[in-house]
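Colleague: I am new to this structure. Please take me closely through one part of it, and then show me what lies around it.

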Amino acid sequence: MLGLPDHGFVAIPGDSIQCLPECNSTNKLGASFETPCGRSLVKPVEYVELISSLKPNIWTALADEVPAWVSDKRNKTSVDRTVRWLDECIQLNRAGGSVFGSIVGGSSVQERERCAQEVASRSVSGYWIGGFGLGESMDERPALLNAVTDILEEEKPRLVSGLGLPEEVLQGVAAGIDIFDSTYIYHLTLGGFALTFPLDGVETNVSAFQSTNIGSDQTKVNLRATIYSKDASPIVENCKCYTCQNHTKAYINHLLNVHEMLAQILLEIHNTHHYLSFFRSVREAIKSGNFEQFRLKFSESKRYHLASEAAVACM
């Protein structure tokens with residue numbers, strides 16, 4: 001359907017990536033989603049009909065996702081609904097494809113464990129772990145992820161939504177996540193940012209740090225910044241993507257500042273290429289048995305550059 005025979009098509013229910021999550025409109029009958037005509041309630045039977053028309057390779061069961069700040073009662077209700085809707089989706093399944101059971105539970109370790117146990121007992125091809133990126137902190141996330149992955153069967157794939165930053169991806173991989181569903185590149189590109197972090201090792205050269213890179217950090221640069229208006233270099237030296245091979249920072253800076261649509265296209269090409277190359281580096285680190293060193297090196301480099309930025313700001 002998409003003209004991509006070498007790629008899989010995954011269907012995951014979720015709100016528009018440009019709107020805030022809303023859990024109060026969901027009720028026992030179905031989940032609520034943002035549409036051009038306002039919020040719409042989708043029942044399991046309607047959801048399965050939609051899936052049947054799309055014919056994806058993988059699809060996740062309907063889920064009642066809630067943010068981290070909801071009450072314990074609302075959290076428990078979301079787990080009960082998600083498990084019930086999973087049973088209905090499995091029973092109604094006419095779509096074919098691989099069904100991934102949805103796991104929710106907000107910021108409660110107990111509810112996430114309960115949901116994981118219930119879903120693991122069903123006949124599903126894999127697991128979709130939702131409810132992340134909705135208010136939980138980086139510090140509490142490992143416990144929530146491990147509470148789920150420790151229960152799930154290792155031979156079945158684990159898909160997670162809401163983790164997109166490179167350090168979040170590494171955190172997920174360390175917890176046993178296999179597949180990531182992320183809008184990180186989309187939002188990064190909309191903001192005029194380009195990914196620049198090293199892929200073959202993390203350097204900590206303080207002389208390369210520029211305090212004038214407004215809105216930038218060790219992982220990305222803001223190409224809207226005036227400093228790039230006359231920069232004739234590519235976004236990343238030796239990058240093999242179409243954008244870096246054919247265009248300069250100055251050109252993209254110009255396109256961004258005159259609101260030319262081509263700026264988004266060129267940035268998306270580079271960011272997607274760089275992001276996928278990052279995942280390739282992660283896979284290579286896992287194969288060579290050096291993932292933990294890779295992750296620690298990346299985290300230490302991020303802290304180093306943040307400290308360097310703070311030091312420059314104090315000068």
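Modeller: Start with the contacts of Lys-220. Leaving aside residues up to four places away in sequence, Lys-220 touches Leu-188, Phe-193, Ala-194, Leu-195 and Thr-196. Keep in mind that this is a predicted model. Lys-220 sits in strand E10, which covers residues 220-222. Is Lys-220 buried or exposed? The relative accessible area of Lys-220 is 16%. Buried means under 20%, so Lys-220 counts as buried.

Now step back to the whole chain. The chain holds 10 helices and 10 strands. It has 315 residues, and 44% of them count as buried. Lys-220 is one of the buried residues.

Next come the helix pairs. Two packed helices are described by the angle between their axes and the distance between the axes. Look at helix H8, residues 249-257, and helix H9, residues 261-287. Their axes lie 7 Å apart, and the packing angle is about 135 degrees. That angle makes H8 oblique to H9. The crossing of H8 and H9 is left-handed. Which residues make the contact? H8 brings Tyr-251, Ile-252, Leu-255 and Leu-256. H9 brings Leu-262, Ala-263, Gln-264, Leu-266 and Leu-267. By class, the contact of H8 with H9 has 8 nonpolar residues, 1 polar residue and no charged ones.

Now turn to helix H2, residues 72-92, and helix H3, residues 109-120. The axes of H2 and H3 come within 10 Å. They cross at roughly 10 degrees. Angles under 35 degrees count as roughly parallel, so H2 and H3 are roughly parallel to each other. On the H2 side, the contact involves Asn-75, Lys-76, Val-79, Asp-80, Val-83 and Leu-86. On the H3 side are Glu-111, Arg-114, Cys-115, Glu-118 and Val-119. The contact of H2 with H3 divides into 5 nonpolar, 1 polar and 5 charged residues. The contact of H8 with H9 has no charged residues, whereas the contact of H2 with H3 has 5.

Key: Residues numbered from 1 in each chain as written. Predicted model: local features only at pLDDT ≥ 70, side-chain atom pairs only at ≥ 80, totals over all residues. Heavy atoms only, no water. Axes fitted to C-alpha atoms, helices over the stretch in contact; angles between N-to-C directions. Helix = DSSP H or I, 4+ residues; strand = E, 2+ residues; numbered from the N terminus. Parallel < 35°, antiparallel > 145°, perpendicular 65-115°, else oblique. Left-handed = near helix turned anticlockwise from the far one by under 90°. Contact = heavy atoms within 4.5 Å. Nonpolar A, V, L, I, M, F, W, Y, C, P; charged D, E, K, R; others polar. Buried < 20%, exposed > 50% of the residue type's maximum accessible area, 1.4 Å probe, protein only.
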